[in-house]
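Hi,

Here is the structure I promised to pass on. Have a look, and then read my notes below.

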Amino acid sequence: MNLTLDLTFLKEISDGDQDFINDVLHTFLDEMPKDMAQMNQAIMDKDIVMIGRMAHKTKSTLQTLGLFELKELALKIEQLAKQTPSDTNIIPLSQKFMGHIDRVYPNVKESLK
Amino acid sequence: MKLPTDGIRIFIVEDDLLFAKTIRYILTLNPDHEVRVFKTGKECLSNLHLNPHIVSLDYSLPDMTGDEVLKRIKAHNPDIGVIILSGQQDVATAVELLQKGADDYLTKDEANKERLFNIVEKLKKSIFLQKEVETLKEELTEKYQFSESMKGNSPAMQKVFKLLEKAAKSNITVSVTGETGTGKELVAKSIHYNSSRKKGNFVAINVSAIPKDLLESELFGHEKGAFTGAATRKQGKFELANHGTLFLDEIGEMELHLQAKLLRALQEREITRIGGNETVKFDARIIVATHRNLSELVSKGAFREDLYYRLLGLPIHLPPLRQRGNDVLILAKHFLNMTAKENKLGPMKLGQTAKDKLLSYNFPGNIRELKAIIELGAIMCAGKTIQREDLQFNSPKKATNFFLEEMTLREYNIKIVRHYLEKHDNHIPIVAKILGIGKTTIYRMLKEDEEYPQKET
Ligand SMILES: Nc1ncnc2c1ncn2[C@@H]1O[C@H](COP(=O)(O)OP(=O)(O)OP(=O)(O)O)[C@@H](O)[C@H]1O
Ligand SMILES: [Mg+2]
């Protein structure tokens, strides 16, 4: 799994405006842990609908930071939750997803200048 | 394209804050864009009073479905352009929302600068072009609208129409006077519906029709428990007319203590509900009407002079029907068409004898009376053409004591001629026609009358 940020999109739209990029990265560091806490709660509650919803929500963030493989994983969780909510793979998949996110934080911090 | 001077207001409704910030950044690259971000559907809906021009809507929000939010945005104002943002896999849903009134959609992975700008520019064009077309249309119809609801072509009414146009274009207080049935309420409505306030309410209150002790709370509202019977808080007419027009009919009948309160409300542009402390601002155009002579009431002390001047604003006097010449026939035809249509009678017309009869009558009840006469006539009429016997004039005639006076035949004659001359603005050819005598006969009678002084009555 490639967990390296690809900031091409953000650099392109902002003409390399580092203030803006920093703001976006800080937003990730502020918001993502909250979402992951919710996802974790949903995993403990076996609330598949909520797991799917949280996975859905992270997609646009992951896309924006160029974390395309992680985004695909989020999509897979979302779709499984929707199409086959009884699938026993959802829970371990979500836990794996959360583990990946944990490893993204240092990369994000590194991109801050 | 006519753009608003204060910028384009764009709402972004998006629960992913990072993504929201990104598109806000893109959109604010254009300094004309004023962008706000809302994380939930509810937050967006409760800020619609800020009048966004464009809303970019995430179709899946935590608290409401995109469907619902879209519906409520469009219900608030169908002119708001809504862009649906969805994931690539959810294009089907987005397209469904297009059919339900969304204006465009974009998938989130495509939300780059070019796509976003293109979509916003396209929306701006369609929104503001549409607005422009609409205002153009409104301006075009404006000219016709008064004459659509208010019929008449007489010089007296032409003057009234000119004043109506002035009134509609401004916010000025308007005072309408005229005998009963001359169209005072119709004038008030026409002004409202031709003015920029037409989207607000037209709220009418007839001062003489409401019991005196209830009038105050009708006008100003009351708080719960303000008096026995005030079980709930009630908004008064002033509040209901906010952004619209408040029509105070028969203003001359208002009691002096309420006149004082009304004056204060008009001066301060705010009211206090009965039993309350809070002042409530209102923004309503005021139109008043009366069939009485207000300045006479002022000199009698029955109407406050300061209030009189405050309410006078643009005075519009409606002439009685008997001073509107041929308008009688125009109006009669108008009412005949309407009643024939309403009662599915097929096309009907006025016969010559009916026309003559209408022209010879003085209509103390004015247009309301004419309308009633025509409506009854249409039903009485056996065929398709109304004749004189179909028309019944019921209003009490002032001349009932006509035969009680002892007069010579010459005196009777001249009295009849003078009566009709007065009714028809001294138009001798019309009077001659009505009475079935020659014009020269009338001239001769008038001359004789001057030579033989009239008997005192
Ligand atoms: N110029 C007009 N064209 C068509 N209809 C008219 C015209 N003027 C008045 N009417 C109609 O005549 C009727 C009486 O008008 P309205 O109620 O406005 O009179 P008013 O002056 O308010 O009378 P009142 O003093 O008795 O309250 C209404 O049905 C109204 O639509
Ligand atoms: Mg009236």
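Predicted model: local features only at pLDDT ≥ 70, side-chain atom pairs only at ≥ 80, totals over all residues.

First, a definition: a charge sits over a ring if NZ of Lys or CZ of Arg is within 6 Å of the ring centre and within 35 degrees of the ring normal. That is the case for B:Lys357, whose charged end is 5.3 Å from the centre of the B:Phe393 ring. B:Lys261 likewise lies over the face of B:Phe220, at 4.5 Å from the ring centre.

Residues are numbered from 1 along each chain as its sequence is written, chains are lettered from A and ligands numbered from 1 in the order in which they are written, and side-chain values use heavy atoms, leaving out hydrogens and water.

Now back to the rings. Over all chains there are eleven aromatic pairs (rings of Phe, Tyr and Trp, the last by its six-membered ring, with centres within 6.5 Å; planes under 30 degrees apart are stacked, over 60 edge-to-face, the rest tilted). B:Phe220 and B:Phe238 count as stacked because their ring centres are 5.4 Å apart and their planes at 15 degrees. This pair links distant parts of chain B, 18 residues apart: B:Phe220 is in helix H8 (residues 212–220) and B:Phe238 in helix H9 (residues 237–240). Helices here are DSSP runs of H or I, at least four residues, numbered from the N terminus. Both B:Phe220 and B:Phe238 are buried, meaning under 20% relative accessible area with a 1.4 Å probe, protein chains only. Elsewhere, ring pairs join B:Tyr193, B:Phe202 and B:Phe247 into a cluster.

Cheers

Note on methods
Helix = DSSP H or I, 4+ residues; strand = E, 2+ residues; numbered from the N terminus. Buried < 20%, exposed > 50% of the residue type's maximum accessible area, 1.4 Å probe, protein only.
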